[in-house]
Amino acid sequence: MTIAFYTLAAFILALGVLVVSTKNTVHAVLFLVANFLCVAMLYVLLQAEFLAVIQVLVYAGGIVVLYLFVVMLVNLKRGPETHVDPRRRDRMGLLIGGAVLAEFVAILLYGFAPRATGAAPAAAAPGVGNVEQVGWSLYVDYLVPFEVASILLLVAMIGAIVLAKKEP
Amino acid sequence: MTPITPAHYLVLSAALFSIGLIGVLVRRNLIVIFMSIELMLNAVNINLVAFSQQWQHVVGQVFALFVVAVAAAEAAIGLGIILAFYRNKETVNVDEITLMRW
Amino acid sequence: MADSYLPLIPLLPAAGALLNGVAGVRFFGKRAAAAVACSTMAAAFVLSVAAFVELLRRPADAREITVTVAAWVPPLALETARGIGTFAVDWALRLDPLSALMILVVSGIGFLIHVYSVAYMAAESDGAYARYFCYLNLFCFFMLTLVLGSNFLVMFVGWEGVGLCSYLLIGYWYEKKSASDAGKKAFIVNRIGDFGFMLGMFLVFYTFGTLDFRAVQDMAPAVAAAAGTGVLATICLLLFVGATGKSAQIPLYVWLPDAMEGPTPVSALIHAATMVTAGVYMVCRNAVLFSQAPDVMMVVALIGVLTALMAASIGLVQNDIKRVLAYSTVSQLGYMFLATGVGAFAAAAFHLMTHAFFKALLFLGSGSVIHGMGGEQDMRRMGALKRYLPVTYATMMVGMLAIAGVPPFSGFFSKDEILYRAFLGHKVIWVLAVITAGMTAFYMFRLVAMTFLGAYRGPAFPGADAHGGHPAHGHDDHAGHGHGAWHGPHESPRMMTVPLILLAAGAVVAGFVGIPAALGGANRIEHFLAPSFEPRGAVHAAATAPSDEAATSASHGEGSAAVERAAATAAPEGTHEAPHLSTAGELGLMAFSVVVALTGIAVGRRLYVQQPGAADRLAERVPLAYRTLLNKYWIDELYHATVVRGTLLLARVSWRFDALVVDGAVNGSGWTTRFSAWVSGLIDQYIVDGLVNGTGATLREASLGFRRMQTGLVQTYALLMMIGVFALVSAYLVLR
């Protein structure tokens with residue numbers, strides 16, 4: 001478990017850094033797929049099998065393909081990065097990102113860590129599969145939000161069609 | 001080796017979130033910025049699932065599912081906007097998108 | 001029966017005028033235009049005769065036919081003296097004895113004059129010829145409307161219409177400045193009178209609540225008893241002002257002599273026979289009203305006799321043949337007003353009729369002379385025309401004898417009736433009237449003598465014999481009458497002489513309808529006309545039970561004395577209480593007036609026939625009087641100096657006032673406005689705008705720093721947001 005976690009964490013962070021830093025957008029998308037797959041494995045580690053499957057199907061299979069399409073369609077003649085705006089504050093961004101990370105970690109270490117050991121993880125309810133639990137919760141307790149989410153997706157689909165449609 | 005506690009997951013999540021954040025702040029390619037946002041959403045999902053596992057309650061996973069749905073919608077719309085914008089301006093550079101300027 | 005064709009009587013000439021005016025001026029030849037005009041007039045005359053005969057067949061108290069042709073003014077609520085009344089006027093025509101007489105005169109003489117005009121105007125171009133007949137027909141339409149109208153407003157339409165046609169026809173030769181000026185003069189002077197008429201009409205409606213003649217007449221005695229005679233006197237005075245304008249009485253007579261600038265048939269029709277008698281007709285039509293206002297009656301009589309005297313005296317010395325006749329017309333109209341003034345309305349209408357005959361005859365005769373002389377109007381260049389215009393001479397002689405009042409011609413009967421009634425009314429008026437009669441005889445004989453008798457004094461012409469002794473004068477321009485080269489005086493064509501003969505016959509016999517009782521006649525016209533001058537039913541009441549009427553009038557209380565006095569002056573039959581002369585006295589008066597007339601003729605004969613030149617010597621002996629008369633008492637000059645100059649002065653003063661005070665005020669206020677606008681503009685520009693701009697500038701300067709943050713770059717915003725997150729989290733960490 002421990003080894004799996006650290007390995008996966010290392011992969012996830014490395015791939016995330018690669019996604020953000022790669023110049024080539026297609027490569028970035030591929031790194032993103034890998035990253036998503038790693039996250040899916042992490043979900044398995046966390047006993048969220050259904051979510052892992054969804055992660056693979058939706059993220060790695062759907063959204064990323066979408067990204068790939070867009071990357072293909074936006075056939076850039078010159079890389080967006082070649083143009084440098086003098087007002088940009090890249091270092092500032094790095095700095096702030098790092099600072100926020102540091103602070104999160106600080107909070108975790110000072111506020112969360114002491115109790116982390118004390119809180120023993122309860123065992124999963126025997127005989128009840130993860131998918132079943134998720135299904136119960138989703139279709140019984142959160143039925144209305146679920147339907148709202150479906151409407152949201154429908155609207156997004158229509159909006160995407162309208163936006164992407166070529167001007168007549 | 002210490003056992004893997006939720007704190008580990010939270011640190012991982014925070015790190016991934018920060019990576020996405022830095023991507024959003026630093027990169028100029030709109031597509032990459034969107035991908036960074038996806039990274040951040042994944043960080044959030046890791047958080048949720050970690051807590052779900054800690055409290056042995058499935059609601060965290062359900063929320064993660066909703067986040068996935070929102071992410072899908074966001075990706076669809078965002079990419080549509082990118083396409084439309086590209087069609088008009090021949091660029092996906094955020095530095096050239098300054099319509100909100102005074 | 002009559003109501004079916006009564007409207008046609010005025011409408012036929014209207015149709016003729018419309019046809020000639022719309023199509024004729026452009027497309028008709030002379031024959032077509034004349035045929036349209038004359039046939040419509042002939043038809044109107046036939047219908048008039050038919051209507052007259054039908055009226056005669058009825059019993060005396062049923063001789064009144066009212067025809068409503070169309071609705072006109074819908075009922076309107078309007079204030080009257082007795083509360084809110086209803087103002088509603090219809091296009092209604094009424095045939096009663098007075099209007100029957102008038103339509104006979106108008107359509108009959110109108111028809112003859114139309115025929116006469118056919119030849120007289122033959123020298124005009126086709127378009128002008130049709131225009132002339134259009135106007136003439138239109139005039140007849142309006143005149144017939146005037147006399148047939150059953151209420152004041154319809155009458156007023158005719159009244160204004162004949163004024164318009166008079167203006168159009170006087171100015172018929174509008175290229176001539178004097179003609180168009182005369183037209184304008186006639187129109188403007190008439191306007192003054194019309195104003196009085198309108199005011200009178202308003203007051204009639206206010207007092208009686210109706211404009212219908214019959215209704216007004218029926219109510220008049222009661223109103224006079226209830227409201228006193230003051231209101232009625234005012235009404236009558238205002239109406240009489242209208243009559244003085246239309247009928248050329250002092251002080252508004254000045255337009256009529258100038259109106260002779262129009263074609264001679266027009267002068268005959270409008271300014272002698274019909275239109276100028278409209279005033280007399282109007283007074284007769286409102287006889288009942290006038291009878292209630294004895295003071296106004298006196299004014300009418302005085303104005304009438306003074307006008308008669310003054311115009312006759314001017315006529316003594318005028319040399320223009322048409323002007324003599326014009327002043328004669330004014331004088332005779334004065335006679336008619338004199339008659340109405342002394343309450344002899346029937347006599348006035350009678351004289352109106354006979355005058356229409358002989359004055360139309362005289363005018364047409366003078367037209368014939370002018371035609372024969374090639375446009376010459378000055379009698380000093382005529383003479384001895386008896387040889388060349390025998391028919392004209394004979395007919396004019398008849399006319400002269402008629403107007404002079406020589407029996408048995410028509411003028412004798414009508415004039416004598418007036419003199420008789422004047423004698424009964426007021427002796428001074430009678431004296432003045434008799435003097436006028438003498439003058440009339442004199443100047444009319446002078447006219448005939450200068451024109452037809454004595455030696456020829458006109459321009460020489462080929463074939464002139466011993467009579468044309470004078471060398472050629474400057475040949476007069478033919479004006480509108482030009483008919484080629486003039487070959488000496490000649491008789492007029494048949495189309496002109498036949499109307500002359502017919503009118504002469506009329507001038508002889510027209511008087512026989514009114515032979516006074518003293519001469520064994522029945523004075524039928526007076527009895528025929530009587531219903532028109534009385535409130536309804538009064539004829540019977542007066543005839544059957546005079547005491548009864550006296551009793552009712554006595555019961556009216558305070559106003560009864562005035563009513564009775566008025567009734568006494570008004571009653572044309574003199575059935576009761578009227579002063580009466582014995583038959584011998586009446587015959588004596590008659591004989592006296594005949595003697596006066598014959599004396600006038602004799603004096604004229606002595607001065608102009610027996611001793612040529614005597615008149616000039618007489619004029620030299622009394623130069624002041626001669627010049628005064630010749631210059632028409634300088635009335636025109638007086639009016640010019642007072643009214644015209646006064647108006648111009650007033651206009652000038654108003655103009656100066658306008659230019660200096662009103663314009664000054666306007667300009668001043670404009671300038672003030674501009675100045676204050678300039679000041680407020682400065683305030684606006686420097687203070688208000690300064691404040692606004694200052695605020696804006698301040699804000700802009702102040703916002704410069706904040707503005708820089710709005711880069712429009714999403715990432716910058718995200719960065720700022722993250723800084724905020726960082727700050728909050730830091731605060732959490734530090735303050736925990």
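Q: Buried area is the accessible area (1.4 Å probe) that two parts lose on being put together, summed over both; how much do chain A and chain C bury between them?
A: This is a predicted model, in which local features need pLDDT of at least 70, side-chain atom pairs count only at pLDDT 80 or more, and totals for chains, interfaces and linings use all residues. Residues are numbered from 1 along each chain as its sequence is written, chains are lettered from A and ligands numbered from 1 in the order in which they are written, and side-chain values use heavy atoms, leaving out hydrogens and water. Carbon and sulfur atoms account for 73% of the area that chain A and chain C bury between them, and the total is about 1,100 Å².

Q: How many residue pairs are in polar contact between chain A and chain C?
A: In this interface, 13 residues of chain A are in contact (heavy atoms within 4.5 Å) with 13 residues of chain C. With both residues at pLDDT 80 or more, the count of pairs in polar contact is one.

Q: Which pattern does chain A follow along its sequence?
A: Helices are DSSP runs of H or I with at least four residues, and strands are runs of E with at least two, numbered from the N terminus. Chain A has six helices and zero strands. Read along the sequence, the pattern of chain A is α-α-α-α-α-α.

Q: Which residues of chain A are in contact with B:Ala15?
A: B:Ala15 is found in helix α1 (residues 6-26) of chain B. The relative accessible area of B:Ala15 is 12%, so this residue is buried (under 20%; exposed is over 50%, partly exposed in between; 1.4 Å probe, protein chains only). Leaving aside neighbours within four places in sequence, the contacts of B:Ala15 are A:Leu13 and A:Leu101.

Q: Which residue of β2(C) is the bridge partner of C:Ala70?
A: Strands β1 (residues 65-80) and β2 (residues 83-95) of chain C pair in the antiparallel sense over twelve bridges (pairing takes at least two, as found by DSSP). They form a hairpin with two residues between them. In β2(C), the partner of C:Ala70 is C:Trp91.

Note on methods:
A polar contact is a pair of N or O atoms within 3.5 Å; within protein, one must be able to donate a hydrogen and the other to accept it, and residues adjacent in sequence count only if both atoms are side-chain atoms.
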